[in-house]
Amino acid sequence: MRFNLFFILFYGSVFAQVDYPKDYFSPPLDIPMQLSGNFGELRPNHFHAGFDLKTMQREGLEVHAVADGYVSRIKISTFGNGKTIYITHSNGYTSVYGHLQRATDAIEDFIKKTHYEEQSFEIEKYLKPGELVVTKGQTIGFSGNSGASEGPHLHFEFRDNVTENIINPMLFGFDKFLKDTKKPIIYNIYVYPLDNETLVNQSKRPLLLNLVLQRDGTYLADKVIANGRIGFGINTFDYDDVSFNKNGVYKVQTFYNGMPNFGYQFDTYSFDEMRFINALIDYSMYKKTLQRVQKLFMKSPFNLSIIKTDARNGIVNVVPNLTTQYRVEVSDFYGNLTTVTIPIVNEVLPVIITKEPVSKYFVKAKNESNFTKENMSVFFPPNTFYEDFNLNFDVINDTLFLHSDTVPAHSNFTIEIEDHKFSEAQREKVFIGSIGANKIGYNHTFRKDSVFKINVKTLGKYALVLDIIPPKISISKSIEGKWLTDKKFIQFTISDDLSGIKSYNGYLNGKWILFEYDNKTKKITHNFSDGIVAEGSNELKIIVMDNLGNSTIFETQFFRSQKQ
């Protein structure tokens, strides 16, 4: 009885919500709120940190400060959230606005000034209270598609001023700006045998369970016939009434014989926890099928704060003479609930589906491991991986075959390759590349004499790559000797096929000018409104350098009149 009482009190307290202010913040856009991504949604290597708000598939919508405060940080990046403004509020929270097209008024003036002071497109500035004060509803910028955005939208989030933890905007009353009467959808449920001796429905591999809708609206899964330790996983999504996008679910809770045994709820978490998504999902299945099946157990515990579990970490031990029942409840922020019941019985049947072949190398996650063959070696520090696994390791034709990207690494491991074929001069242009099917990926490489070393987080194929090819600079239509009086900007395409672009700089009549870079189109753009262009003749120079020091210089001359 004490065991039952403990879990009732435990689960009642861990998911209790902080009393966040519900009417303090207003929406950042003038249009009705529609989500293209919600808080906690599963993304590559991270949980989504806020809302992605639709902007009618276009750029240029006014973005407003959601409350009084001051601009505390500005970050302009070619990746991530692109052009981003952070506003700190007096009630203990910071609001974040990402993928902007540009800022407005004093904020934009400050950004432009910083670009030219630092002579860089990518900047990050922290500001003090009083430097750039904003009021609730003030237009701070325009929505865009900058950074790693896959289409025009506004990324919006809340952070705690002290801990910097990110917080679900729904907790601040943003749920009232949406309508959601739809239950989450569970697409698939899998059952996992977790020991070599365990058999599930005559299989030693994970199995998909069929679901049947019941009259009361719940689902009943196939009976699980097993012995030993098993776990379950779900592929689930949520929809609201207005957005029609597949969103992440808010809460998952499982019960074993009526008692809670594993659950999580997307209220708040830290950025340091983001990569634990690869432990929560069946990473191997994701890499093979693109399905993100969320595991409802921890074979080896990991420190993701949103998870609350019993002493068995969600694992079910199926023993003789005991018929048991497992239940999964998935709900959204509005309380719409989907339930699946899974009957479990103990019985040992003949094996039909055997385990996958096992390689000869083995990695214990909690221990360090070192593997060497020929001129290549790999070192895994303790706790590089979440679980123990059998490793495929080989060197063939100067290429390191290091398993495949089906086992997630949480932290860096080291690869070293000793070179025996390049000259000393060539080694200055060599890096350790990630060898993909159609592309070679660059890794920041350290060298000491003939030994090259990288620190990476992804298993796969690696080899030494020589890069002596300079970047490319091109323009769609020549401007040499042309009058550009009617043009608002000039634009070029820059690219590099191997190590990638490290830096680019443009100079107009000997002065550094700002070129904004869009990594999606590989285009750099200079706006004449910056005021650097001269009356009449102008000399333009662009220098692009890759990560191995190969560089390309483009020079041209054009005319422009400012008198219109």
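The legends below accompany several views of a predicted model.

**View 1. Overall fold of the protein chain in the predicted model.** The protein chain contains 5 helices and 48 strands, and its C-alpha atoms fill a box of roughly 90 × 65 × 35 Å when the dimensions are taken along the principal axes.

**View 2. Surface and charge of the protein chain.** Of the 564 residues, 51% count as buried, while the accessible surface comes to about 27,000 Å², with 51% of that area belonging to carbon and sulfur atoms. The chain carries 62 positive and 63 negative side chains, and the centres of these two sets lie 3 Å apart.

**View 3. An open sheet of 5 strands.** The strands follow the order E30-E31-E35-E39-E38, and their pairing is antiparallel. Strand E30, residues 369–373, and strand E38, residues 446–448, form the edges, each of them pairing on one side only. On average, neighbouring strands of this sheet are turned by 15° against each other, with direction ignored.

**View 4. The pairing of E38 with E39.** Strands of a sheet pair through backbone hydrogen bonds, in either a parallel or an antiparallel manner. Here E38 and strand E39, which covers residues 451–456, pair in the antiparallel sense over 3 bridges. Within this pairing, lysine 448 stands opposite valine 451 in E39, and E38 is itself one of the edge strands of the sheet.

Technical notes
Residues numbered from 1 in each chain as written. Predicted model: local features only at pLDDT ≥ 70, side-chain atom pairs only at ≥ 80, totals over all residues. Heavy atoms only, no water. Helix = DSSP H or I, 4+ residues; strand = E, 2+ residues; numbered from the N terminus. Buried < 20%, exposed > 50% of the residue type's maximum accessible area, 1.4 Å probe, protein only. Areas by Shrake-Rupley, 256 points an atom, 1.4 Å probe, with all protein chains shown as cover. Lys, Arg positive; Asp, Glu negative; His and termini not counted. Charge placed at Lys NZ, Arg CZ, Asp CG, Glu CD. Pairing = 2+ DSSP bridges. Axes fitted to C-alpha atoms, helices over the stretch in contact; angles between N-to-C directions.
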